[in-house]
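This briefing concerns the structure shown below.

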Amino acid sequence: MKSLGNGPILYLILVSSSLVCTGTTVFYDGFNANTTGDYSWVEGGGYSDANPTNNYFHDASNGWVTVSTGDWIDISMSASLFSPIYRGSLEVRFMPWQIHPLDGLARIRVRDNAGNSYLFHFAHNSGRPNAGDEEQYRARLEKEVSGSLVIREVFIPSPDHYSLNEWHTLKMDFSPTTLSGYLDGNLIISREEPAASAIPISDLQISFFQQDQHIDYVSMIDMTRPPVAVTYPAREINQA
């Protein structure tokens, strides 16, 4: 677990004269230090040599991790939480700079110990004509419970792509009832599951397929606690 200070962080937002608590950070890594050894790395795909150690490195001068893939190569990094959460948000900030050979993608997933999971997947060019395998080259939103996909959407999103050599954020909000995916802070898709199956999330995973990129941070927030607002008299805030 990565955190700032001596413990979990409360994200606080000042709205007018109200202080609103929106969640507790349970995982954060800004890669200022080399933490690559804290993750489990897996290399997959048809042209994989199953040895991911040559596919990532920590760039100390820039404070990020660079992940390289290749044609039909998928690299995943996973980390565990100290305790399960049922409602939260996973976000990664990344800069893709090369695809192999025609398109690449970013994928975020959270799981429990039984393999139940939430997933959001976005291709570099999800609207590319004749994309072929839509599992890989379209956007995808899924919730899997006991081996069944209770939410499954494969679609062309709007916007339908993200640019190379620019920073982007991919984010997923999850709860027993609702699953939502975001790109660069914009809501792309949201779906509900009527059965409201609860998943005790204990693991996060970031994956890249046929795409090289720098990763700036990974953040996970526990949203189990409802927002709480405390109103104070309006006052001017001076920032150092």
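Predicted model: local features only at pLDDT ≥ 70, side-chain atom pairs only at ≥ 80, totals over all residues.

A polar contact is a pair of N or O atoms within 3.5 Å, where, within protein, one atom must be able to donate a hydrogen and the other to accept it. By that criterion, the side chains of Ser 180 and Ser 190 form a polar contact of 2.7 Å.

- Ser 180 lies in strand β13, which spans residues 178–183.
- Its relative accessibility is 7%, and Ser 180 therefore counts as buried, the cut-off for that class being under 20%.
- Leaving aside residues up to four places away in sequence, Ser 180 touches Leu 141, Lys 171, Met 172, Asp 173, Leu 187, Ile 189 and Ser 190.

**The largest nonpolar core**

- The largest nonpolar core holds 44 residues, of which Val 110, Phe 120, Leu 170, Ile 201, Leu 204, Val 218 and Met 220 touch the most other members.
- Strand β6 (residues 74–85) supplies the largest share of this core, with 5 residues.
- In soluble globular proteins, nonpolar side chains tend to be buried together.
- Ile 201 touches Leu 81, Ser 83, Pro 84, Ile 85, Val 110, Arg 111, Asp 112, Tyr 118, Phe 174 and Met 220, when residues up to four places away in sequence are not counted.

**Strand β7 and its partners**

- Strand β7 (residues 88–99) is largely enclosed by the rest of the structure, because 9 of its 12 residues are buried.
- β7 pairs with strand β16 (residues 211–222) in the antiparallel sense, over 11 bridges.
- Within that pairing, Leu 90 has Met 220 of β16 as its bridge partner.
- β7 also pairs in the antiparallel sense with strand β12 (residues 168–174), over 7 bridges.
- Phe 174 in β12 stands opposite Gly 88.
- Met 220 and Phe 174 are both among the residues that Ile 201 touches.

- Met 223 belongs to the loop between β16 and β17 (228–231).
- Met 223 has a relative accessible area of 23% and is therefore partly exposed.
- From C-alpha to C-alpha, Met 223 and Ser 89 are 7.2 Å apart in space, although 134 residues apart in sequence.
- Residues up to four places away in sequence excluded, Met 223 touches Thr 22, Gly 23, Arg 87, Gly 88 and Ser 89.

Notes:
Residues numbered from 1 in each chain as written. Heavy atoms only, no water. Helix = DSSP H or I, 4+ residues; strand = E, 2+ residues; numbered from the N terminus. Buried < 20%, exposed > 50% of the residue type's maximum accessible area, 1.4 Å probe, protein only. Contact = heavy atoms within 4.5 Å. Core = buried A, V, L, I, M, F, W, Y, C linked by side-chain atoms within 4.5 Å. Pairing = 2+ DSSP bridges.
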